[in-house]
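Let's take a look at where charged side chains pair up. Have the sequence and the 3D view ready as you read.

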Amino acid sequence: MNSDELRKILDEHKVWVESLGEDGSKADLCRANLREADLRGADLYGADLRGANLYGANLRGANLYGANLPEFTFMIIGETYPITITNGEYLRAGCQHHSVEKW
């Protein structure tokens, strides 16, 4: 998915969130390739991210409340750097990306 397509989906989703579902459309990013995507500060409230490839995605400040995340996705907040483990396979700590096995 290119950045223009993603921006359009996120803009429509923002309208959906702000209108309490009356306008816009809920983001369906199920199985989307969001590898290395810049999602800083994105409002992903209630978005469907199941099976999305979030490896290396920047989620700093993103609102993931109520989002359907890929299975085995964990976020650790409150450390020096936010830590995200995606699909039980990939770990991101700050700007570093590693396979969980390597880490």
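Arginine 40 is exposed, with a relative accessible area of 53% (exposed means over 50%, buried under 20%, and partly exposed in between, using a 1.4 Å probe and protein chains only). This is a predicted model, where local features need pLDDT of at least 70 and side-chain atom pairs count only at pLDDT 80 or more, while totals for chains, interfaces and linings use all residues. Residues are numbered from 1 along each chain as its sequence is written, and side-chain values use heavy atoms, leaving out hydrogens and water.

**Arginine 40 and its partner**
- Arginine 40 pairs up with aspartate 38 in a salt bridge, at 2.6 Å from N to O.
- A salt bridge here means a side-chain nitrogen of Lys or Arg within 4 Å of a carboxyl oxygen of Asp or Glu, and by that rule the count is 3.
- Aspartate 38 is partly exposed, at 40% relative accessibility.

**A pair in a helix**
- Arginine 7 and aspartate 11 form a salt bridge too, at 3.7 Å from N to O.
- Both sit in helix α1 (residues 3-18), and because they are 4 residues apart there, about one helical turn separates them.
- Helices are DSSP runs of H or I with at least four residues, numbered from the N terminus.
- Arginine 7 is partly exposed at 45%, and aspartate 11 is partly exposed at 40%.

- Arginine 50 bridges to aspartate 48, with their closest N and O atoms 2.6 Å apart.
- Aspartate 48 is buried at 11% relative accessible area, whereas arginine 50 is partly exposed at 44%.

Methods. Helices (H or I, at least four residues) and strands (E, at least two) are DSSP runs, numbered from the N terminus.
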